Amino acid sequence: MTSYTVLNPATEQPVTTVPQASAEVTDAAIARATAAQRAWRANPPGERAALLRAFAAQVDAHAEELAALEVANSGHPISAARWEAGQVRDVLTYYSAAPERLTGRQIPVPGGLDVTFKEPVGVVGLIVPWNFPMPILSWGMAPALAAGCTVIAKPAELTPLTALRIGELASQAGLPDGVFQVLAGKGSVVGQRLVDHPDVRKIVFTGSTEVGQQIMAGCARHVKRLTLELGGKSANIVFADADIEKAAATAPYAVFDNAGQDCCARSRILVQRSAFDRFMELLEPAVKGVQVGDPRSGRTQMGPLISASHRDNVAKYVPDGAPVAFRGNTPAGPGYWFPPTVLAPVSMAAPVYTEEVFGPVVTVTPFDDEADAIALANDTPYGLSGSLWTRDVGRAIRVARAVETGNLSVNSHSSVRYWTPFGGFKQSGLGRELGPDALDAFTEVKNVFIATD
Ligand code: TAP
């Protein structure tokens with residue numbers, strides 16, 4: 001069996017070594033998940049709900065340990081990592097209410113009655129990226145388990161540690177063998193096998209658009225169900241009538257959160273021309289004030305990038321001579337650091353303006369009026385997130401409806417909330433996660449006609 005050495009991105013030192021599953025090991029896990037699914041779906045809803053609550057309690061009891069693991073593995077600031085562990089607990093708790101509310105319908109038909117059932121799709125393959133190892137795992141895992149599916153999760157090769165521990169906590173909570181398994185390994189081996197194996201009935205994938213396209217093609221061979229959460233190039237639109245102070249003060253958090261390694265990063269700031277200079281004056285101290293440093297410190301707001309090669313990718317977007325308006329700081333010494341960087345003015349043909357950077361780099365571009373702002377915001381193949389700032393309620397609603405994106409915030413930099421549906425328009429993905437309807441993605445509707453004549 002091969003193994004992978006996990007590096008701490010803040011120190012570049014090895015953390016631990018993780019065995020990598022092979023295609024054969026993946027096949028054996030799929031067989032266990034298939035066998036376990038029959039009993040799991042037949043479990044009384046109240047028992048499935050109780051087991052999910054017990055799982056949430058285990059995560060809660062080990063939240064500090066999980067947060068410390070994420071700091072070491074992913075370089076996330078400890079305050080963010082604590083929030084992420086709490087998110088796993090909260091998402092499990094939220095969906096633990098679902099098994100007992102998984103109701104169908106009664107439809108009037110001639111000659112009898114028709115009832116519908118929501119049946120679990122079966123074994124779910126959950127392919128998780130390295131940027132948010134805990135939350136993204138929970139968004140697929142919790143509703144799938146609640147629906148009566150069994151789950152095989154494949155964390156990213158770079159960041160397997162919290163997912164592996166959460167798998168152990170599921171067993172300690174009493175989830176039966178085979179109901180939730182975590183397989184560390186390469187995407188091209190374990191992930192590919194989950195896509196290719198006919199007994200895996202659904203894939204939930206979050207990651208790059210390129211790999212998402214390959215997975216979609218692979219799923220097509222089996223007409224396999226699929227949810228895709230892919231990239232983004234979202235806009236933060238600031239109108240001149242907005243609270244410019246607040247918009248500028250929060251703009252760094254809309255793009256530099258998780259060092260910009262966030263599919264929802266609002267990495268194009270669009271500012272109405274008459275407020276542009278004022279906005280830039282206010283943005284500069286906000287960016288320079290972002291605390292970049294040791295992720296173990298409670299004061300740190302931004303940690304390192306995930307790997308040396310990813311830092312090289314990000315750096316390509318800021319070549320020598322790039323129009324850097326201002327940038328923040330990074331610590332000296334080891335670690336895959338990259339400073340928060342603001343570029344302006346930027347050509348709309350520049351890769352940094354058109355492509356997802358997935359690092360702490362943002363462009364600021366002026367616009368003239370509402371129509372111009374909407375056109376600029378929509379001038380991208382992506383449509384995942386976005387923010388807009390204005391005091392005009394009518395404009396807020398008009399622009400929010402016109403921007404082609406799945407998740408928008410008005411006068412706020414927040415993005416994903418587990419109570420509301422999350423997913424993308426255009427090339428940002430397919431389907432929705434989270435929110436009250438998330439179980440629809442893990443169930444098939446069956447209708448049964450019962451003759452009464
Ligand atoms: P991807 O290569 O897309 O990796 C995402 C997940 O898919 C990982 O678990 C990966 O496993 C797995 N995977 C890779 N090839 C696969 C295959 N052929 N079949 C099944 N699974 C496969 O992303 P990345 O390389 O980590 O990041 C590249 C870029 O993607 C980033 O720079 C960023 O632009 C984007 N990205 C977007 C997101 C979100 S949230 N939309 C998240 C991460 C990255 P391994 O890691 O083990 O190869």
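Helices (H or I, at least four residues) and strands (E, at least two) are DSSP runs, numbered from the N terminus. The model is predicted: local features need pLDDT of at least 70, side-chain atom pairs count only at pLDDT 80 or more, and totals for chains, interfaces and linings use all residues. Residues are numbered from 1 along each chain as its sequence is written, and side-chain values use heavy atoms, with hydrogens and water left out.

Arg 165 lies in helix H6 (residues 161-172). With a relative accessible area of 15%, Arg 165 counts as buried (under 20% relative accessible area; exposed is over 50%, partly exposed in between; 1.4 Å probe, protein chains only). Its side chain makes a polar contact of 2.6 Å with that of Glu 168. A polar contact is a pair of N or O atoms within 3.5 Å; within protein, one must be able to donate a hydrogen and the other to accept it, and residues adjacent in sequence count only if both atoms are side-chain atoms. Leaving aside residues up to four places away in sequence, Arg 165 touches His 62, Glu 65, Leu 66, Leu 69 and Gln 172. Contact means heavy atoms within 4.5 Å.

Gly 212 belongs to helix H8 (residues 209-220). Gly 212 is buried, at a relative accessible area of 0%. Beyond residues up to four places away in sequence, Gly 212 touches Phe 205, Leu 228 and Leu 230.

H8 also takes part in a pocket. The largest pocket has a volume of about 1,000 Å³. Of its 40 lining residues, Trp 130, Phe 205, Gly 207, Ser 208 and Val 211 are the closest to its centre. H8 gives the most to this lining, with 6 residues. The lining of the largest pocket divides into 18 nonpolar, 16 polar and 6 charged residues. Here Ala, Val, Leu, Ile, Met, Phe, Trp, Tyr, Cys and Pro count as nonpolar, Asp, Glu, Lys and Arg as charged, and the others, Gly among them, as polar.

On a 1 Å grid over the protein atoms alone, a pocket is an open set of points with protein on both sides within 12 Å along at least five of seven lines; in a cavity, a 1.4 Å probe fits but cannot get out; lining residues have an atom within 4 Å of a point. Grid points are joined across faces, edges and corners, and a volume is the space filled by probe spheres set on the points.

The whole structure holds 3 cavities of 30 Å³ or more. The largest cavity has a volume of about 80 Å³.
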